[in-house]
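Subject: Structure handover

Hello,

Here is the structure I promised to pass on. Please open it first, then read my notes below.

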Amino acid sequence: MHNRSRIPAILLTVVLCGLIASGLAPNDRLTWFLEIFPILLALPVLIATARSNPLTPLLYWLLAIHAAILSIGGHYTYADVPLGFWMQDWLGFARNHFDRIGHFVQGFVPAILMRELLLNKTPLKHPGWLFGLVCSVCLAFSALYELFEWSAAVTLGQSATAFLGTQGDEWDTQWDMFLALVGAITAQLLLAPLHDRQLRTQSGSQMSSHAPPITVAGILLATTVVFDPGPVIAAPALDGTMPPICCADRPVTIATRTARTLRRVGLHRHDRSMQRLQHAAASPVVLCR
């Protein structure tokens, strides 16, 4: 766990070194700045939220890889990256396809980022809706980036030719968005199980990340009806309070019974109300068995 906690700092150092190296005598300074601009936007946000909202190790690795691709593309320009020329020679391509790799990754990495945000920050857990929404957001992000490229071309004219990197392909914009969509689909199909495991580890819960939300009212109901059956004399009011109840046989406090149930089903570390329930265990409010 200690080594895992050092991963963000190590990757940040590597990304910064790569960013500095890419800025040393790039083929076109303006293109370099436009290509690495997303890194300059993302790094402050990631640093500021590293403690309050840490990401999974998988996502940190993917973001670092994406930053490396952006830095390489910015240094050479996407149409002149050596790896693209090697692929062109080996596979007989008609153009340098390194930009295709970049746009595939533009869907692949944001898919895991959006998936993590949705699972951690929203009630959305249904796998089908999650998959579809992530794909839609990634496709929308790709389209937004194409609009950014278009605005740069309109504003800068010939100076933005290297940034566009169409290489004479009239369908370059459509290919870019299509590959981003393919990347988003591929990322979810390949990495969702690993991502879910890391999310569960990070949250300290053994629950599935797709489990429905648990409420205190639901726990109380399950406690009194399913796991510890017996006559229930009163139900909690809307504000969560209970009227005083006496029973003649084996009194059990509401908090004690609920805490016991949580331990049985393994949810005691997941539910945020657990500390309050344990504190209330000394309450004189009891249920009859």
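From the N terminus on, the elements of the protein chain run α-α-α-α-α-α-α-α-α-α-β-α-α-β. That is 12 helices and two strands. Helices (H or I, at least four residues) and strands (E, at least two) are DSSP runs, numbered from the N terminus.

Two notes on the source. This is a predicted model, in which local features need pLDDT of at least 70 and side-chain atom pairs count only at pLDDT 80 or more, while totals for chains, interfaces and linings use all residues. Residues are numbered from 1 along each chain as its sequence is written, and side-chain values use heavy atoms, with hydrogens and water left out.

**The whole chain**

The protein chain has 289 residues, and 39% of them are buried. Buried means under 20% relative accessible area, exposed means over 50%, and partly exposed lies in between (1.4 Å probe, protein chains only). Now take the contacts in the chain with a separation of 6 or more: 72% of them join residues 24 or more positions apart. Contact means heavy atoms within 4.5 Å.

**The core**

The largest nonpolar core has 34 residues. A nonpolar core is a set of buried Ala, Val, Leu, Ile, Met, Phe, Trp, Tyr and Cys residues joined through side-chain atoms within 4.5 Å. Which members touch the most others? They are Ile39, Leu62, Ala111, Ile112, Val134 and Leu191. Two or more core residues come from each of helix 2 (7–22), helix 3 (29–48), helix 4 (57–76), helix 6 (98–121), helix 7 (127–156) and helix 9 (172–203). Look at Leu62. Leaving aside neighbours within four places in sequence, Leu62 is in contact with Phe108, Val109, Ile112 and Leu191.

Axes here are lines fitted to C-alpha atoms, for helices over the stretch in contact, and angles run from 0 to 180 degrees between N-to-C directions. Angles under 35 degrees count as roughly parallel, over 145 as roughly antiparallel, 65 to 115 as roughly perpendicular and the rest as oblique.

Start with helix 2 and helix 4. They pack at an angle of about 5°, with their axes 9 Å apart. Helix 2 is therefore roughly parallel to helix 4. Helix 2 brings Ile7, Pro8, Leu11, Val15, Gly18, Leu19, Ala21 and Ser22 to the contact, and helix 4 brings Pro57, Tyr60, Trp61, Ala64, Ala67, Ser71 and His75. By class, these are 11 nonpolar, four polar and no charged residues. Ala, Val, Leu, Ile, Met, Phe, Trp, Tyr, Cys and Pro count as nonpolar, Asp, Glu, Lys and Arg as charged, and the others, Gly among them, as polar.

Next, helix 7 and helix 9. Their angle is about 150°, and their axes are 9 Å apart. So helix 7 and helix 9 are roughly antiparallel. Helix 7 passes helix 9 in a right-handed crossing. A crossing is right-handed if the near helix is turned clockwise from the far one by less than a right angle, and left-handed if anticlockwise. The residues of this contact divide into 13 nonpolar, three polar and three charged.

Last, helix 6 and helix 9. Here the angle is about 40°, with the axes 6 Å apart. That makes helix 6 oblique to helix 9. The crossing of helix 6 and helix 9 is right-handed. Their contact has 14 nonpolar, eight polar and seven charged residues.

**Residues to find**

Ala64 lies in helix 4. Is Ala64 buried or exposed? At 15% relative accessibility, Ala64 counts as buried. Not counting residues up to four places away in sequence, Ala64 touches Leu11 and Val15. Ala64 and Val15 are 49 residues apart along the chain, yet their C-alpha atoms are separated by 6.3 Å.

Ile72 also lies in helix 4. Ile72 is partly exposed, with a relative accessible area of 36%. Beyond four places in sequence, Ile72 touches Thr77, Val81 and Phe98.

Now two backbone cases. Most residues other than glycine have a negative phi. Ala25 has a positive phi of about 50° although it is not a glycine. Ala25 lies in the loop between helix 2 and helix 3, and at 65% relative accessibility Ala25 counts as exposed. Thr77 has a positive phi too, near 75°. Thr77 lies in the loop between helix 4 and helix 5 (82–91). Thr77 is buried, with a relative accessible area of 5%.

Best wishes
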